[in-house]
Amino acid sequence: SRGELMHILVYGMVGNHRGGIETFLLKMNSFMSADTIFDYVIEETECFHEDVIKKRGGNVYRVPSRSSDPLGNIRENKKLLKNLRNHLDIVYFNLSSLSWIEPIRIARALGYKIYIHSHNAQFIKNNGSIPYRIINSINKRRLSSYKGIKRLTCSQPATNFMFMKKDKVEMIYNAVYVNEFFFD
């Protein structure tokens, strides 16, 4: 950590969505000590969660959408990660697929400490076209060749989906407050 604060840049939040990964990230952020600051990268102009993020000391960085402007996305991610180089301790990627790993490639080239967290095994099966599945498979092999990356997963199917058998992967089960789900 640089100084007393730990700064983590998080990829994977959709700014205009209140889905499972967004809930997971904000819940995880709420349980961290005050000296751990989470900043987020989004591809939308609007962020439903910005007030909560800023209240915890974090920032929201916006980059162009990879689907509508892939070159702009790469350019702005490169610029952002270069500008934050002396500010960040970790870049943490929360992924549903490996269809776009350019920010990982950029962070790796800049020497960041990188964590990649696989959250599911069904996204491509349920939502992916054949080209999308092929790209995911190619990037799975590319990612496997990247040394020094910490690989995290929430289940064995999520591990099999995103990582190769030879990859060293750490299981981090999704934390759930079971008391919130007791019968009333």
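Select Cys154 first. Cys154 is buried, at a relative accessible area of 13% (buried is under 20%, exposed over 50%, partly exposed in between, with a 1.4 Å probe and protein chains only). Now pick Cys47. Cys47 is buried too, at 10%. A search of the whole structure finds zero disulfides (pairs of cysteine sulfur atoms within 2.5 Å).

Before moving on: this is a predicted model, where local features need pLDDT of at least 70, side-chain atom pairs count only at pLDDT 80 or more, and totals for chains, interfaces and linings use all residues. Residues are numbered from 1 along each chain as its sequence is written, and side-chain values use heavy atoms, leaving out hydrogens and water.

Next, select Asp167. Asp167 sits in the loop between α7 (156-162) and β7 (169-171) (DSSP runs numbered from the N terminus: helices are H or I, at least four residues; strands are E, at least two). Asp167 is buried, at 12%. Show its side chain. A polar contact of 2.7 Å links it to the side chain of Ser144 (N or O atoms within 3.5 Å, one able to donate a hydrogen and the other to accept it; residues adjacent in sequence count only if both atoms are side-chain atoms). The Asp167 side chain also reaches the backbone nitrogen of Met164, at 2.8 Å.

Last stop: helices α3 (residues 70-83) and α4 (residues 102-109). Their axes come within 10 Å and cross at roughly 35 degrees (lines fitted to C-alpha atoms over the stretch in contact; angles run from 0 to 180 degrees between N-to-C directions). Colour the interface. Ile74, Asn77, Lys78 and Leu81 in α3 meet Glu102, Pro103, Arg105, Ile106 and Ala107 in α4 (heavy atoms within 4.5 Å).
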